[in-house]
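Welcome, and please open the model in your viewer with a cartoon view and the ligand shown. We will go from stop to stop, selecting as we go.

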Amino acid sequence: MERDEIKSPVFLRAEGLGYQVDGQVLLSDINFEISAGERIAIFGPSGAGKSTLIRLLNRLDEPVSGTAYLDGQDYREIPSRVLRRRLGMVMQQPNLFPGSVAENIRFGPTTQGENLDDARLKALLSGVDLAGFADRDVAKLSGGEAQRVNLARTLANKPEVLLLDEPTSSLDQAARRDVEETILSVLDSGEVTCILVSHDRAQVLRLADRVLMLEGGKLIADGPVEEVLDAQSMD
Ligand SMILES: Nc1ncnc2c1ncn2[C@@H]1O[C@H](COP(=O)(O)OP(=O)(O)OP(=O)(O)O)[C@@H](O)[C@H]1O
Ligand SMILES: [Mg+2]
């Protein structure tokens with residue numbers, strides 16, 4: 001059977017995912033199912049394993065047990081470069097390379113032999129509220145602007161899942177809200193599924209529908225945002 005003929009309503013499924021470094025268990029037996037278009041927050045204390053889970057999903061690290069399925073396909077069968085485009089990651093720090101905004105956004109598609117045309121570049125920039133920024137030098141951007149360029153750079157690869165690891169935690173309050181607004185409008189305007197790591201309860205309430213709560217490398221709750229956060233605050 002052709003893989004791409006299987007269209008499961010579950011788009012991303014983790015099955016017993018586990019990760020260890022030097023005998024230290026960082027994640028164990030993580031199981032969840034995510035449907036296309038869902039907005040998931042991964043929440044939990046510092047050191048809970050949130051970034052580790054995101055890194056496993058993107059195969060920046062290899063699971064030592066279990067696996068994940070992307071649209072029914074074992075993700076270990078998907079070449080990492082392809083997987084990393086399908087699950088586009090935005091980290092805490094923008095890490096733009098020196099040059100213009102346009103050069104940064106065009107880079108990803110170029111590595112695939114695709115040339116981002118001007119209309120698409122313009123659409124990406126206006127999608128992150130940076131219309132007219134194409135020729136700006138990234139060294140002169142504010143933190144919030146740089147993070148929105150970073151988001152556009154990931155979106156240029158047309159990811160099916162956005163993995164956002166604390167995308168606003170290095171920003172001040174005003175820039176944080178701007179980036180949050182941008183993320184919301186990106187999610188509202190597209191088909192993309194989102195997994196957001198955040199420490200910020202208010203942000204989780206604004207951006208996510210469902211929470212996966214991690215603690216000590218274990219998934220301790222999975223449910224609607226209010227339910228999981230309320231239960232947690234009563235502890
Ligand atoms: N490569 C590594 N080698 C050893 N320990 C690691 C490694 N990467 C992460 N850890 C440890 O694994 C645990 C989980 O780390 P992780 O970065 O996933 O936490 P987190 O939930 O993202 O925390 P934070 O909210 O502070 O970002 C931590 O105790 C961390 O010190
Ligand atoms: Mg982290």
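Helices here are DSSP runs of H or I with at least four residues, strands are runs of E with at least two, and both are numbered from the N terminus. This is a predicted model, in which local features need pLDDT of at least 70 and side-chain atom pairs count only at pLDDT 80 or more, while totals for chains, interfaces and linings use all residues. Residues are numbered from 1 along each chain as its sequence is written, and chains are lettered from A and ligands numbered from 1 in the order in which they are written.

**Stop 1: the ligand**

Select ligand 1 and the residues around it: Val-21, Leu-26, Gly-44, Ser-46, Gly-47, Ala-48, Gly-49, Lys-50, Ser-51, Thr-52 and His-199. A residue belongs here if its C-beta atom, placed from the backbone, lies within 6 Å of the molecule. Which helix gives the most to this shell? Helix H1 (residues 50-57) does, with 3 residues. Colour the shell by class and you will find 3 nonpolar, 7 polar and 1 charged residues. For this colouring, Ala, Val, Leu, Ile, Met, Phe, Trp, Tyr, Cys and Pro are nonpolar, Asp, Glu, Lys and Arg are charged, and the others, Gly among them, are polar.

**Stop 2: the four-stranded sheet**

Now pick out the open sheet of 4 strands, ordered E2-E1-E4-E5 with antiparallel pairing. Strands pair if DSSP finds at least two bridges between them. Strand E2 (24-35) and strand E5 (73-74) are at the edges with a single partner strand each, so one side of each has no neighbour in the sheet. Zoom in on strand E4 (residues 65-70), which pairs with E5 over 2 bridges in the antiparallel sense; Tyr-69 is opposite Asp-74 in E5. Bring H1 back into view: H1 lies across strand E1 (10-21), E2 and E4, at about 65° to E2. Angles run from 0 to 180 degrees between N-to-C directions, and axes are lines fitted to C-alpha atoms, for helices over the stretch in contact. Contact means C-beta atoms, placed from the backbone, within 7 Å.

**Stop 3: the six-stranded sheet**

Next, select the open sheet of 6 strands in the order E6-E7-E8-E3-E9-E10, whose pairing is mixed. Its edges are strand E6 (87-90) and strand E10 (218-224), each with a single partner strand, so one side of each is left without a neighbour in the sheet. On average, and ignoring direction, neighbouring strands of this sheet are turned by 20° against each other. H1 packs on this sheet too, touching strand E3 (39-43), E6, strand E7 (161-165), strand E8 (193-197) and E9, and its direction makes about 150° with that of E7. Follow strand E9 (residues 210-215), which pairs with E10 in the antiparallel sense over 6 bridges; Val-211 has Gly-223 as its bridge partner in E10.

**Stop 4: helix H5 and its partners**

Show helix H5 (residues 143-155) with helix H3 (residues 101-111): their axes are 7 Å apart, at an angle of about 30°. H3 and H5 are therefore roughly parallel, a word used for angles under 35 degrees. Where do they meet? Val-101, Asn-104, Ile-105 and Gly-108 in H3 face Val-149, Ala-152 and Arg-153 in H5. That contact has 4 nonpolar, 2 polar and 1 charged residues.

Residues to click on include Gln-147 and Leu-151 of H5, and Asp-178 and Val-186 of H6.

How values were computed. Parallel < 35°, antiparallel > 145°, perpendicular 65-115°, else oblique. Contact = placed C-beta atoms within 7 Å.
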